[in-house]
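I opened the model to look up its strand pairing, its turns and its overall dimensions. My entries follow in the order in which I made them.

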Amino acid sequence: MNRTIWKAILLPQDVQAIEIPHGAEILCAREQHEQICVWFRCDPTAAKDQRQIAIVGTGHPAPAGEGRYIGTASLRGGSLIFHVFEL
């Protein structure tokens, strides 16, 4: 199986679904060019799955349950900090 690293750009919203190849391993989340992104290792030929992602600002309630932390993004020169979870 040929696995590669891909990126998904997240929308600036609390919870969203992203479509990534089945079996993809989410590696990390952080900022790139003032956007919040998620990087994942995947087989690009695999069928697509929907994965739920939550973005939480510092001082806001964290996701309940089994949300897995995948990274932090710093936007606007560090004045906005967002924490990213896979739900």
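**Entry 1: strands S5 and S7**

I began with strand S5 (residues 48-57), which pairs with S7 in the antiparallel sense over five bridges. I count two strands as paired if DSSP finds at least two bridges between them. Helices (H or I, at least four residues) and strands (E, at least two) are DSSP runs, numbered from the N terminus. This is a predicted model, and local features need pLDDT of at least 70, side-chain atom pairs count only at pLDDT 80 or more, while totals for chains, interfaces and linings use all residues. Residues are numbered from 1 along each chain as its sequence is written, and side-chain values use heavy atoms, with hydrogens and water left out.

I looked up two residue pairs between these strands. Ile-55 stands opposite Val-84 in S7. Ala-54 has Phe-85 in S7 as its bridge partner.

**Entry 2**

At Pro-21 I found Lys-48 in S5 as the bridge partner.

S7 is also joined to S6, again antiparallel, by seven bridges. Here Tyr-69 has Phe-85 in S7 as its bridge partner.

**Entry 2: Phe-85**

Which residues does Phe-85 touch, not counting those up to four places away in sequence? I listed Gln-52, Ile-53, Ala-54, Val-56, Pro-63, Gly-67, Arg-68, Tyr-69 and Ile-70. Contact means heavy atoms within 4.5 Å.

Phe-85 belongs to strand S7. The cut-offs are under 20% relative accessible area for buried and over 50% for exposed, with partly exposed in between (1.4 Å probe, protein chains only).

I also took one distance from Phe-85.

**Entry 3: the hairpin of S6 and S7**

The hairpin of S6 and S7 has four residues between the strands. Arg-76 is found in this loop, between strand S6 (68-75) and strand S7 (80-86). Its phi is near 50 degrees, a positive value in a residue other than glycine. I checked the cover of Arg-76 and found the residue exposed, with a relative accessible area of 63%.

What is the phi of His-33? I read a value near 55 degrees, which is positive in a residue other than glycine. His-33 is found in the loop between strand S3 (25-32) and strand S4 (35-42). This hairpin has two residues between the strands. His-33 is exposed, with a relative accessible area of 71%.

How many of the eight residues of S4 are buried? I found six, and S4 is mostly covered.

S4 is joined to S3 by seven bridges, and these strands run antiparallel. Glu-25 has Arg-41 in S4 as its bridge partner. Strand S1 (residues 4-9) pairs with S4 as well, in the antiparallel sense, over six bridges. There I noted Ile-9 opposite Cys-37 in S4.

**Entry 4: the whole chain**

I counted seven strands and zero helices in the protein chain. From the N terminus on, the elements run β-β-β-β-β-β-β. The radius of gyration is 13 Å, close to the 12 Å that the globule rule gives for 87 residues, so the protein chain is as compact as a globular protein of that length. The radius is taken over C-alpha atoms, and the rule is 2.2 Å times the number of residues to the power 0.38.

Taken along the principal axes, the C-alpha atoms fill a box of roughly 40 × 30 × 15 Å. Of the 87 residues, 34% count as buried. Among contacts with a separation of 6 or more, residues 24 or more positions apart account for 65%.

The protein chain exposes about 5400 Å², and carbon and sulfur atoms supply 53% of it. Accessible areas come from the Shrake-Rupley method with a 1.4 Å probe; for residues, only the protein chains shown count as cover.
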